[in-house]
Amino acid sequence: MSGQKVTIEFNDRIVRMFLIASIFWGAVGMLAGVFIAAQLNFHILNFDMPWLTFGRLRPLHTNASIFAFVGNMMFAGIYHSTQRLTKARLASDFLSNLHFWGWQLIIVAAAITLPLGFSRGKEYAELIWPINIAVALIWVVFAINFFWTLARRNEKSLYVAIWFYIATIITVAMLYIVNHLSIPTGLLHSYPIFGGVQDALVQWWYGHNAVAFFLTTPILGIMYYYLPKAVERPVYSYRLSVVHFWLLVFIYIWAGPHHLLHTALPDWLQSLGMLFSLMLWAPSWGGMLNGLLTLRGAWDKLRTEPEVKFFVAGVTFYGMATFEGPLLSIKSVNALSHYTDWTIGHVHGGSLGWNAFMAAGLFYWLAPRLWNTKLYSKAAANMHFWLGLFGILLYVASMWVSGPTQGLMLSATAENGTILKYPNFVETLTAIRPMMLTRVLGGALFLTGWFMLAWNIFMTIRSGRAVNGAMEVYQEAPAPAMGLKRTFIDAPFLYSAGIVVFGCAWAFGSDWVSVLSLILLVVVSISAFVHLQVSGASWGEWYEQLLENSLPFTLLVTIAVFVGGVVQIVPLVTVEQDQVVEDRIQIPYTPLELVGRDIYIREGCYNCHSQQIRPFVAEVMRYGDYSRLGESIYDHPYQWGSKRTGPDLARVGGKYNHAWHVRHLENPRSTSEGSNMPAYPWLLTDKAGIDDLPAKIRVQRILGVPYPEMSDEEIYAQYRQQAEKIAGELQGMDIYVEPDREIIALIAYLQGLGKKWEPYAPAAAQAAEKTEVVP
């Protein structure tokens with residue numbers, strides 16, 4: 001009944017559960033991070049055990065930090081603030097509980113499978129296909145619960161925090177599903193449907209925007225709700241929040257290709273990624289300033305309230321990270337920073353400074369209210385802040401020194417550019433070891449601060465009792481529905497659509513289309529500006545009505561993020577093969593090499609080794625001819641890598657003999673003095689799993705890899721023949737390894753790198769050659 005006054009009791013039990021889970025998993029993720037950082041300094045910490053190597057634990061660290069720590073924190077903040085902003089209890093207690101327990105089971109499954117080597121071999125997307133299905137299902141549960149709550153709300157208008165939550169839910173679903181599309185070869189293994197450059201583009205469209213829409217937009221929503229609450233001031237500028245939201249949501253999705261600068265990715269995509277990354281400066285800093293200026297008249301709370309310290313420092317680190325990100329996307333800067341610790345420092349400046357500090361501020365603010373008590377120790381919270389801040393600065397500063405140092409050493413030449421100044425890759429590792437050790441110290445300090453938070457929250461819980469918030473509200477009639485015509489046939493949307501369409505046509509069209517589109521772009525932009533000045537009030541009315549209707553708002557958000565994905569992804573994944581392979585095309589792996597490649601992926605070698613030589617003089621001198629796009633066209637998944645703790649392996653095939661590889665994998669220090677690479681002695685004793693090899697070949701054929709039709713017997717015969725040949729050659733070097741051991745398969749794969757290609761001429765060129773008239 002309209003106007004009826006009722007009392008609503010919020011479901012804060014689920015908030016408490018996610019809060020506690022986030023604190024626990026945060027400790028796990030940070031502890032894993034400190035441990036693997038120590039492994040880079042002290043190789044003995046790999047303990048010659050397969051499930052404790054850096055290559056297997058690094059994905060555990062990243063997934064625990066992103067999905068377990070930040071994920072649980074995000075759900076706690078969203079569920080708590082959404083109930084207050086909508087003046088409605090969460091729609092379903094059952095769905096809330098299913099969401100919580102389902103998410104925790106996913107995390108546990110990841111914590112078990114990743115150290116065991118079950119991995120898809122793609123950064124931030126390593127989880128195997130059964131777990132990915134579970135992630136998608138639980139995300140749908142979360143989405144249903146959230147949008148159902150919006151539909152039952154007693155507050156007509158959607159507050160800015162809700163906008164960011166909507167963008168998060170829609171975009172993460174789209175990104176996760178597309179990047180994790182795979183064809184299973186068995187219960188625990190699959191191959192992604194994209195390969196080579198297509199897989200690289202889709203991966204970093206996902207990888208970059210996982211940072212944007214899992215680690216940024218939901219936390220911005222939390223900032224817009226909890227920072228004003230903590231300082232008891234309204235958001236500085238509502239208009240700025242509108243501009244911040246729509247520009248960020250639209251621009252961010254385009255920036256993924258900046259992770260692939262100077263690679264075999266088509267140049268137009270690299271330039272597109274760099275351009276939109278630079279454009280991100282404006283909305284990102286607009287959001288940062290909107291947050292910091294919210295403290296106007298309340299800066300004194302920095303002295304008295306620990307949560308305000310964390311919020312302010314977190315927003316500041318957000319500004320720093322979003323300044324550095326576009327900087328690193330500039331091609332000339334990226335040439336130095338990519339594959340080095342500089343990128344690692346950038347990522348941790350955001351994850352520790354932005355995500356973890358915002359989480360700490362949220363937990364210190366929430367816990368006393370969720371347990372109806374006071375924070376147990378403000379002094380301990382303040383100590384946590386200073387320990388964490390000093391730890392972050394140590395970490396990031398050490399990487400700012402380490403990354404450029406290694407990048408400059410690797411690119412340095414002597415004798416007028418004719419030889420490498422530091423030909424031995426290990427020399428560069430030796431030079432940066434002090435900085436790598438400083439990183440461990442910084443991480444340990446931050447972890448110590450987190451343990452202090454865990455103790456402080458635990459003692460706060462003990463001193464109080466759990467309570468659920470309540471609110472008296474008037475149940476009013478729902479707002480008038482905003483039809484599709486009103487949503488899309490109105491000036492704000494039409495002008496925005498025109499600017500996007502003509503902008504894309506100008507950028508990607510042919511000569512006359514580009515010129516015409518530029519003219520129309522200028523005309524539409526000027527018309528929009530004039531119309532806004534004349535009829536600004538009607539635009540405001542349209543937007544206010546939009547905020548009272550969650551479905552049209554969600555549709556517009558979906559369109560905003562969908563456009564960028566379509567423009568980037570569709571042209572490359574639908575283009576004919578002969579348009580994207582340049583002058584070389586990959587030869588499919590033999591059955592033995594395919595098994596070896598899967599072992600390479602299982603051990604996480606891509607975490608330390610790239611397989612992509614950039615067209616730089618020093619890289620070509622060090623590693624060999626620069627990589628061509630067609631050389632990895634059949635790689636499912638691609639293995640270009642993003643960090644070089646060891647040398648690039650794109651052309652390692654034939655560089656060393658079989659015996660060298662055996663000694664190197666058994667004890668890297670025996671061939672590379674000073675190496676921090678783990679030893680892999682089990683590769684010499686464990687038998688290679690080949691029961692599912694025919695299924696793998698069949699899936700590869702489905703994906704377009706040109707394997708001939710082979711029976712299971714023929715596949716196994718080829719496998720045994722090549723394995724026995726390598727084992728026989730090793731025997732001639734006085735090294736005795738059975739042909740069925742994993743190391744034989746891995747050697748076969750490594751010895752083929754850089755050799756598995758043949759010359760290729762595009763179909764158009766072949767046709768022209770055939771029709772050419774010779775005088």
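Student: In this predicted model, which helix gives the largest share of the lining of the second largest pocket?

Tutor: H23 does, with four residues. The pocket has a volume of about 890 Å³. Of the 42 residues in its lining, the closest to its centre are His609, Gly646, Pro647, Leu649 and His664.

Student: Which domains does the lining of the second largest pocket draw on?

Tutor: Domain 1 (339–348 + 366–475) and domain 3 (584–761) each give at least three residues. By class, the lining has 23 nonpolar, 13 polar and six charged residues.

Student: Why is His661 called buried?

Tutor: Its relative accessible area is 3%. Buried means under 20%, therefore His661 is buried. His661 lies in helix H23 (residues 658–666).

Student: Leaving aside neighbours within four places in sequence, which residues is His661 in contact with?

Tutor: They are Tyr656, Ile747, Leu750 and Gln751. Contact means heavy atoms within 4.5 Å, so each of these has a heavy atom within that distance of one in His661.

Student: Which classes make up the lining of the largest pocket?

Tutor: The lining has 35 nonpolar, five polar and two charged residues. Trp and Leu count as nonpolar, so Trp246 and Leu247, among the residues closest to the pocket's centre, are in the nonpolar class. H18 supplies the largest share of this lining, 13 residues.

Notes: Residues are numbered from 1 along each chain as its sequence is written. This is a predicted model: local features need pLDDT of at least 70, side-chain atom pairs count only at pLDDT 80 or more; totals for chains, interfaces and linings use all residues. Side-chain values use heavy atoms; hydrogens and water are left out. Helices (H or I, at least four residues) and strands (E, at least two) are DSSP runs, numbered from the N terminus. Buried means under 20% relative accessible area, exposed over 50%, partly exposed in between (1.4 Å probe, protein chains only). On a 1 Å grid over the protein atoms alone, a cavity is a set of points where a 1.4 Å probe fits but cannot get out, and a pocket is an open set with protein on both sides within 12 Å along at least five of seven lines; lining residues have an atom within 4 Å of a point. Grid points are joined across faces, edges and corners, and a volume is the space filled by probe spheres set on the points. Domain bounds come from an automatic or database domain assignment.
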